[in-house]
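Work through the two exercises below with the sequence and the 3D structure at hand. Try each task before reading its solution.

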Amino acid sequence: MVPNHRRVAALPPLLTAALRPLPLAPLQPALALALRAVLRRHPRVLARLGGHAGRRFGLDPTDLPFAFVLEPRPPAPRIAAVRRLPRRGLDVRIAGPIRALIGMADGSLDGDALFFSRDLVVEGDMAAAVALRNAIEGDGVDLIRDLAAALGPLAPPAERLLRGGLGLLERLARSGAGEEARAWS
Amino acid sequence: MELICPAGTPAALRVAVDAGADAVYCGYADETNARNFPGLNFSRAEMREGVAYAHRRGAKVLVAVNTFPRAGAVGPWRRAVDDAVQAGADALILADIGLLDYAARTHPGQRLHVSVQAAAANPDSVRFYVEAFGVKRVVLPRVLTVAEIAAVARAVAPCETEVFVFGGLCVMAEGRCSLSSYATGQSPNMNGVCSPASHVAYRERADGLVSRLGGFTINTFGRGEAAGYPTLCKGRFRTGPATGYLFEDPVSLDAAALLPALREAGVAALKIEGRQRGRAYVEGVVRAFREALSALEEGRPFVSPGLLSLTEGQSTTQGAYRKAWR
């Protein structure tokens, strides 16, 4: 048996617990803006998805106290934050640490490698899951850059800020992993 | 030696070229090429843009039209050949002799390569393609030792040889493997896809991750175990008293340490597998092999590319290049 070497550390459980009481409503406009920003810069994403655009994708950051339901169907693609993914009505569930999901959406991590290392769990309609991954990859979606670009002239500092935030997430996750390892030793 | 890199999408093509590819290989978004995955590959317009991008940066584009046309329905394959020529492809990678004949007659100036899907594994076979269709290069199947590659390369020169050096490892005689067909009705040879995603199911259970293909359970990965692709050749099966990998473990090929031997063998081009992989894989692997090739050319010590985290099953092998079982 080849032991797996996880590539992505999860956020510390303490941080996850601290985020749990926060309301989801303020997140919704930001998510809608983010989806619009990505699709405006990458209209070919929907073409690559083809018939799979009609699927419902559950995106489950396992180290956050909420998840997302993505429905990319034109002409009104939408994404919603939910406390937990519904048991019924989803075609695909993609689950993993938030850093893994963002890494796939900004091209910095390879989806197959995340699957091999078991950082990522994919269940349901695999053709739709593969199409979504390839659609994001194919047009060079970079979530951070695309979000920053929506702010026009403020894009460069916004991108630095967002990447800084991502770096902070990573440091938090790594420190959490270290604490967990120490706790077991 | 040329570095030939995978490009499943326009973004991957740009990444591969920027990371140091001498050439990228890619295909159209249909059953005419052996990576016909959902959401993958190039439209006609994207292929033209991709060729232009690569040529501006001094890289070549090789277009794979390497599945076998259906009897009586060769139209899509011939259109793929015509459109690739029109897009400015530097070479076409073909497997079917009918399509090779069409390409050679219709586009006599076009450079042709024999795909690994043709399973041309001996000098007689390669010479046939050279004499009949004027091919300039053959991609050798991943079933030969380095010594056998050297013998073929010597015998078929000036026809060039290209070999895989990294990525997913298919141990079967490619173009002739029907394992996927048995479970799903679709194969890389005819449909361009091995173990199609539409027939794959994963389920997380208490004892681990179960992968199924076409309704058949083909593996269960324990909680602490790295996973692999859901292909039958890498399935773990129960046979009598034992359970294990009958054909092949879930591993990736990594022949980086063999680059000096492959150069010595007269190999003209090194191919990286992985058109289905993301930009992170393409960039990491292409940069690592570009560095390894530079070190080889400059006589610097070999440095392992360190790509284990990107490999299937997080494990590597030199495959048939060093056949320990013979």
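The exercises concern a nonpolar core and the two domains of chain B in a predicted model. Residues are numbered from 1 along each chain as written, and chains are lettered from A in the order written. Local features need pLDDT of at least 70, side-chain atom pairs count only at pLDDT 80 or more, totals for chains, interfaces and linings use all residues, and side-chain values use heavy atoms, without hydrogens and water.

**Exercise 1.** Find which residues touch the most other members of the largest nonpolar core.

Solution.
Step 1. A nonpolar core is a set of buried Ala, Val, Leu, Ile, Met, Phe, Trp, Tyr and Cys residues joined through side-chain atoms within 4.5 Å; buried means under 20% relative accessible area (1.4 Å probe, protein chains only).
Step 2. The largest core holds 83 residues, and Ile272(B) and Phe289(B) touch the most other members.
Step 3. Leaving out residues up to four places away in sequence, Phe289(B) touches residues including Leu3(B), Phe166(B), Ile272(B) and Leu307(B).

**Exercise 2.** Describe how domain 1 of chain B meets domain 2 of chain B.

Solution.
Step 1. Domain 1 covers 2-169 + 251-322 and domain 2 covers 179-245, with bounds from an automatic or database domain assignment.
Step 2. In contact (heavy atoms within 4.5 Å) are 19 residues of domain 1 and eleven of domain 2.
Step 3. The rule finds one salt bridge across this interface, where a salt bridge is a side-chain nitrogen of Lys or Arg within 4 Å of a carboxyl oxygen of Asp or Glu. Lys234(B) and Glu312(B) form a salt bridge at 2.8 Å, N to O.

Key. Buried < 20%, exposed > 50% of the residue type's maximum accessible area, 1.4 Å probe, protein only.
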